[in-house]
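Hello,

Here is the structure to be handed over. My notes on it follow below.

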Amino acid sequence: MNWPLLWQYTGANALLGVLPAVIGLAIALPLGVACARWRWFYVPVLPLTTVLYSIPSLALFVVLIDYTGLSNTTVIIPLTLFSLCVLVPNVVDGLRSVPPPVRQAATAMGFGPMRRLIRVELPLAIPVIIAGLRIAVVSSISLASVGQLIGVSSLGYFFLDGFQRDFPEEIYVGGAAIIALALVCDLLLVQTRRLATPWSR
């Protein structure tokens with residue numbers, strides 16, 4: 001087994017899997033806050049994110065090649081858009097799950113809307129938000145392997161090479177590496193949730 005090659009493609013796949021979810025979270029947080037605050041805004045946003053998720057990833061890769069070339073960006077942009085389908089609803093659900101008495105108590109203590117959001121609502125919404133982030137990361141790690149079809153390095157290399165050389169063991173290694181990478185990232189996010197919400201232990 002070529003371990004240096006395996007580590008190289010695992011690192012590339014990790015980057016393509018984690019970065020879109022992180023960027024997606026940065027977009028989903030303000031978008032989700034707006035949707036939770038103005039319910040009418042959520043009505044068009046939810047179907048839009050669902051429609052984006054329904055677009056085949058390979059089709060988006062091909063469309064973006066003319067603009068971003070055969071680069072990581074060509075894979076990161078579609079995976080970021082796909083992550084919004086999971087992250088936006090989770091941010092909204094997390095914020096809506098904060099009990100009204102808690103909001104009222106924060107307001108009574110003199111917390112303004114922004115301070116209440118940062119100090120009270122978002123911390124209480126962390127478990128729901130991270131649950132969505134876990135799904136987004138695992139999904140992106142899996143879909144990132146498709147990027148190998150357009151020449152972007154990922155663990156998909158082992159699928160293509162194994163298929164072309166009729167070497168199934170290589171395909172199994174690629175599949176096992178993707179599963180292991182997804183499990184490691186998921187466990188890290190679980191630990192992050194525990195550290196961020198010590199009161200929920």
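Which helix of the protein chain has the lowest mean pLDDT among its elements, and which the highest? Helix H3 (residues 57-68) has the lowest, at 83, and helix H4 (residues 72-96) the highest, at 92. Here pLDDT is the predictor's confidence in each residue, from 0 to 100, and helices are DSSP runs (H or I, at least four residues) numbered from the N terminus. Over the protein chain the mean pLDDT is 88, with 99% of residues at 70 or more. Where pLDDT is low, the predicted coordinates should not be read in detail.

This is a predicted model, in which local features need pLDDT of at least 70 and side-chain atom pairs count only at pLDDT 80 or more, while totals for chains, interfaces and linings use all residues. Residues are numbered from 1 along each chain as its sequence is written, and side-chain values use heavy atoms, with hydrogens and water left out.

Aromatic contacts

Searching the whole structure gives five aromatic pairs. Rings of Phe, Tyr and Trp (its six-membered ring) pair if their centres lie within 6.5 Å; planes under 30 degrees apart count as stacked, over 60 as edge-to-face and the rest as tilted. One of the pairs is Tyr9 with Phe158, edge-to-face, at 5.8 Å centre to centre and 80 degrees between the planes. Tyr9 belongs to helix H1 and Phe158 to helix H7 (residues 156-164), so this pair ties together parts 149 residues apart in sequence. Tyr157 and Phe158 also form an edge-to-face pair, with 5.4 Å between centres and 80 degrees between planes.

Tyr9 and Phe158 are both buried, Phe158 with a relative accessible area of 2%. Tyr157 is partly exposed, at 23%. The cut-offs are under 20% for buried, over 50% for exposed and in between for partly exposed (1.4 Å probe, protein chains only).

Other points

The charged end of Arg115 sits over the ring of Phe111, 4.0 Å from its centre. That label requires NZ of Lys or CZ of Arg within 6 Å of the ring centre and within 35 degrees of the ring normal.

In helix H4, Ile76 counts as buried at 12% relative accessibility. Its C-alpha atom is separated by 26 Å from that of Gln164, 88 residues apart along the chain.

Ile23 is in helix H1 (residues 3-37) and is partly exposed, with a relative accessible area of 33%.

Regards

Definitions and conventions
Helix = DSSP H or I, 4+ residues; strand = E, 2+ residues; numbered from the N terminus.
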